[in-house]
Amino acid sequence: MGETTGRRGRPELVRARKRLGMSQVEAAEALLVTPTTLSRWERGSQEIRPVYRARMAAVFGVSPEQVERWLECTEPVATELWPLPDFADMSIESTVKAAEKLWRSELDLERRHMLAALPFVPAAVDGWLSSWSYGAPATSVASQGSGRTVGLSDVQRIDEMRRTFSRMDHQYGGGLVRPAVVEYLNTTVAPLLRGSYDDRVGSALMTAAATLTAFAGWTAFDTGRQGLAQHYYGQALKLAKTADDQLTGAYVLTWMTYQAIHLNQPARASLVARAAVESARKAEAPPRVLGMFLVRQAWAEASTRPADSGDRHKIRQIEALLGEAERVYAKGKSDRDPDWATNWDEPQFGGELGTVWELIGDNARAADYAEQAVRAFATARPRSAALNRIATAHAYLGMGELEQAVDAARKAVAEGRTLNSPRTIERVKRFDKRLKPYEKTIQVREFRAYLDHATAV
């Protein structure tokens, strides 16, 4: 039966969708309905059941009461609920205000819940890439704000705290460190952004804020809050654009690449990875940094698993990227290496190389790289060790070595239980899906029983 809104439609529902940069197809997918059904809802010609109204609240990041007001056309869309970065205004005032709004939103219990429920919006990435590549940066990053005078020593302290947070993240997972990062952004970084500083300090301050905001996005990603992570990555990219810092922007883009790969968005992963490499080349990135960007690009290109389709042309292209990445990375460290590249050491580089080799069908080489990474990470970086054990499991499975594959995955589960990193267990479960052809074997039955027990407690 139709509703009374049938003639005039539901314009606020349409605006809510568009505000998140979603097409009807993308919004329908997030709401678990067909695009035809969503179109009828927006036109007001079909009733919306309570279960889908609740789903709208989660997808759009608002309260159920707000959804009801939209559907009855009694209240405009409150766009301030979504602190998506606006690249149309690149002034220092706009950039600072948007960043503060995002960080502050997580201190509000209700808004924190809404932000955590936001979906990943693929269409938003396209607009950000265009603005990053073709938009103009701020004409000046100097500020005469209401806060105190800011100097380079203040910027250095932000970088020092980020390094501290990063060490904690590697040891314990993003879930433990994230609250402290958000608190620091609000209590320390935000007041500095509101202070007074010249162009030189302003540029350094925007860069430091960008890298810490990107790190906050990483911790959201590690805990499975993909929409929230995307918001932070977008804001970090705007801060880097405001500073006109190509290398920091490339750093943010490479983490956006990682997220798109994880979310099975290979086309967008490829676009973002190429933009990262292009920015890195413009910035004349030091060798090890450019090498990591190149291997991430290869990973993005390989995320379609060309080995499964027998696409030899695609595989040769990826092999060429890997070859360039290795040649560049082999040039070694540089005194121009940014401090955020510290963890892009040889085990990390080798582990990512191994992942790409597995995707293009060279499982023996992939297993060798992954096992070397596991040994190198050992106890110092347990999450990285666990993730590379999972990579080892995939490689052994590709070679038909079921017992070794399951044993590696079992060890990854044991290591993952000590971490506040839901992503690690999620990766194990993705591996488990590949075990379906072997599900009647004793090895798989025992592994699944162990996995069920480990993830239930």
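Predicted model: local features only at pLDDT ≥ 70, side-chain atom pairs only at ≥ 80, totals over all residues.
The largest cavity in this structure holds about 50 Å³ of space. Residues are numbered from 1 along each chain as its sequence is written, and side-chain values use heavy atoms, without hydrogens or water.

A cavity here is a set of points, on a 1 Å grid over the protein atoms alone, where a 1.4 Å probe fits but cannot get out; lining residues have an atom within 4 Å of a point. The volume is the space filled by probe spheres set on those points. Three cavities reach 30 Å³ or more.

Which residues line the largest cavity? They are F120, V125, Q230, M256, Q259, A260, R268 and V272. Helices are DSSP runs (H or I, at least four residues), numbered from the N terminus.

I turn now to a helix pair. Helix α15 (residues 287-302) packs with helix α17 (residues 312-329) at about 165 degrees, their axes 8 Å apart. Axes are lines fitted to C-alpha atoms over the stretch in contact, and angles run from 0 to 180 degrees between N-to-C directions. The two helices are therefore roughly antiparallel, a term for angles over 145 degrees. Their contact (heavy atoms within 4.5 Å) includes L290 and L294 of α15 and L321 and L322 of α17.

Notes
1 Å grid on protein atoms, 1.4 Å probe; cavity = no way out; pocket = protein on both sides within 12 Å on 5 of 7 lines; lining within 4 Å. Parallel < 35°, antiparallel > 145°, perpendicular 65-115°, else oblique.
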